[in-house]
Amino acid sequence: MSSVRVKNIIKTYGEVKAVDNVSFEVQKGELFGLIGPDGAGKTSIFRILTTLLLADSGTATVDGYDVVKDYQAIRNRVGYMPGRFSLYQDLTVKENLTFFATVFGTSIEENYALIKDIYEQIRPFNNRRAGKLSGGMKQKLALCCALIHKPAILFLDEPTTGVDVVSRKEFWDMLNQLKKQGITIVVSTPYMDEAMLCDRIALIQNGSIMSINTPDHIVQSFPKPLFAAKADNIYRLLQDLRADTEVESCYAFGEYLHLTLRVKDGNEHTISAIAAKYNPGGFEVKRIAPAIEDCFIELMGNE
Amino acid sequence: MEDNQSPSTVGRQSSTKEKAIVCKNLTKQFGDFKAVNNISFDVDQGEIFGFLGANGAGKTTAMRILCGLSYPTSGEAMVAGFDVYRQQEKIKKNIGYMSQKFSLYDNLTVLENIEFYGGIYGVQGAEIKTRSNDLVSTLGLEKEAKKLVGELPLGWKQKLAFSVAIFHRPKIVFLDEPTGGVDPVTRRQFWDMIYEAAANGITVFVTTHYMDEAEYCNRISVMVDGCVNAMDTPANLKKQFNAHSMDEVFYELARSAKRTGD
């Protein structure tokens with residue numbers, strides 16, 4: 001059964017098409033990622049699915065309920081963590097949690113097992129006001145508050161934006177624990193490397209989904225051999241290769257440049273021969289498997 | 001740590017002139033709390049230097065001192081040849097600063113923003129005009145020049161903010177998480193601009209949460225709990241930590257952090 005079903009959703013703000021005919025489904029128990037930059041339409045989709053915003057057209061159901069007709073039923077069944085911290089800053093950790101539990105007609109004790117691992121990390125700060133918590137702790141408290149009524153589906157809008165690598169990793173570990181308990185999770189992120197941690201992803205840009213599949217499938221559909229090259233002066237190499245007529249695309253990626261050729265059957269030697277024209281010092285090239293970010297860039301080029 | 005490209009100049013009085021930033025035993029204490037704990041490093045003129053650290057590691061505090069906005073408790077630092085204790089105003093004139101959050105005025109037009117910043121930094125009226133026309137055409141913003149900045153897409157705002165930060169041709173530009181939220185293509189266009197600025201001799205001092213971006217830097221330092229726990233080229237750091245990516249290096253260093261916070 002589908003936990004979330006979105007069909008031909010359109011949402012415009014004045015002239016801007018924030019969501020442009022988007023359709024997708026999320027299966028029960030799935031960890032589904034919406035991957036894309038700011039302004040891609042991720043937040044609008046979240047707000048439509050959590051019944052906080054009406055679409056111009058199209059339909060959507062969450063846990064089998066219609067987002068327009070059955071909005072009250074949906075609100076009891078979803079947990080939502082918006083991108084901006086939205087707990088009560090002048091209530092303490094404990095007070096926030098109690099408040100959210102009460103609003104949903106439950107108690108902290110009733111679903112304690114669900115939040116236990118996360119809550120115990122912030123419990124020492126029970127009497128601290130939420131506004132005085134660090135970024136990582138705020139994030140944990142917000143997740144506890146979104147979980148306290150044992151939702152069937154969790155919507156997390158950019159939970160890791162601006163958070164450092166260590167906290168991001170911890171957060172994804174928490175999500176995997178929750179997934180094991182059968183909760184469906186829809187999460188958005190601008191960090192392409194986090195895509196690999198989802199069961200399935202939708203790559204989204206300018207309100208449209210460019211590709212939707214498992215991360216492995218998306219990576220395998222990259223249409224051409226991809227190469228990584230570097231030299232002592234990487235900026236010069238970038239300019240030289242990018243201007244070369246045999247090179248189709250060339251962009252910086254970590255310590256290397258990633259490039260594809262116009263011909264289909266090129267290999268490392270083809271690239272070495274091209275580079276040799278510019279005589280770069282310390283040149284290296286190897287064939288590599290594309291990352292989600294390479295796929296995103298390639299798909300953007302097609303749009 | 002010594003600069004291995006010009007070891008002969010280390011320790012000589014004149015060497016500080018070729019360094020964009022010299023920082024020695026810099027400490028900033030708030031009560032008992034050492035936000036920045038005895039950090040030392042040099043940054044060369046024209047270098048792209050990545051200043052990384054976990055949330056709460058002390059990056060912002062250190063950066064505020066280097067930008068002439070806050071006094072250290074002890075230690076020494078020279079920025080663009082000026083002393084962080086005695087010459088804060090000279091530092092401010094010789095650096096540029098850009099952060100994702102507050103760099104441009106949304107309710108001024110593109111041209112007005114450029115004019116405003118140019119004026120603040122003492123660029124002459126006629127010169128502002130010439131340079132802003134050049135800038136607008138380089139960025140391809142001719143049609144948007146008279147539009148409010150608030151109406152521009154985020155990626156254009158970031159490029160404009162960077163251009164404005166180096167409009168007065170500073171020796172150093174500080175970039176505080178400059179590229180958050182944009183698509184991967186726009187992010188790379190932004191880095192092309194950073195490379196170009198560095199190739200023109202501007203020192204770039206940058207913080208980022210994108211570890212692949214850390215690898216675009218010539219050298220990186222990683223702060224943990226107020227101290228600089230590692231500093232080298234990305235390639236050497238990966239070798240040192242036997243890691244495949246900067247992500248792993250950062251994780252190894254920062255997971256031992258005791259502090260959390262922003």
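Reader: How many residues of chain B are in contact with chain A?

Author: This is a predicted model, in which local features need pLDDT of at least 70 and side-chain atom pairs count only at pLDDT 80 or more, while totals for chains, interfaces and linings use all residues. Residues are numbered from 1 along each chain as its sequence is written, chains are lettered from A and ligands numbered from 1 in the order in which they are written, and side-chain values use heavy atoms, with hydrogens and water left out. Taking contact as heavy atoms within 4.5 Å, the residues of chain A that take part number 30, and on the side of chain B the number is 30.

Reader: What area do chain B and chain A bury between them?

Author: The size of an interface is often given as the accessible area lost when the parts come together. Here buried area is the accessible area (1.4 Å probe) that two parts lose on being put together, summed over both. Of the area between chain B and chain A, 61% is on carbon and sulfur atoms, and Arg188(B), Tyr195(B) and His209(B) supply 22% of what chain B buries against chain A, more than any other three residues. The area that chain B and chain A bury is about 2,500 Å².

Reader: Which residue of chain A forms a salt bridge with Asp192(B)?

Author: A salt bridge is counted where a side-chain nitrogen of Lys or Arg lies within 4 Å of a carboxyl oxygen of Asp or Glu. By that rule there are 4 salt bridges across the interface of chain B and chain A. For Asp192(B), the closest N and O atoms are 2.9 Å apart, and the partner is Arg242(A).

Reader: Are α3(A) and α5(A) roughly parallel or roughly antiparallel to each other?

Author: Helices are DSSP runs (H or I, at least four residues), numbered from the N terminus, and their axes are lines fitted to C-alpha atoms over the stretch in contact, with angles running from 0 to 180 degrees between N-to-C directions. Helix α3 (residues 93–103) and helix α5 (residues 135–147) of chain A have axes 8 Å apart and pack at an angle of about 20 degrees. Angles under 35 degrees count as roughly parallel, over 145 as roughly antiparallel, 65 to 115 as roughly perpendicular and the rest as oblique. The two helices α3(A) and α5(A) are therefore roughly parallel.

Reader: Which residues in α4(A) does α3(A) meet?

Author: Helix α4 (residues 112–122) of chain A packs against α3(A) at an angle of about 150 degrees, the axes being 11 Å apart, and the pair is therefore roughly antiparallel. From α3(A), the residues in this contact are Val93(A), Lys94(A) and Leu97(A), and those they meet in α4(A) are Ile115(A), Tyr119(A) and Ile122(A).
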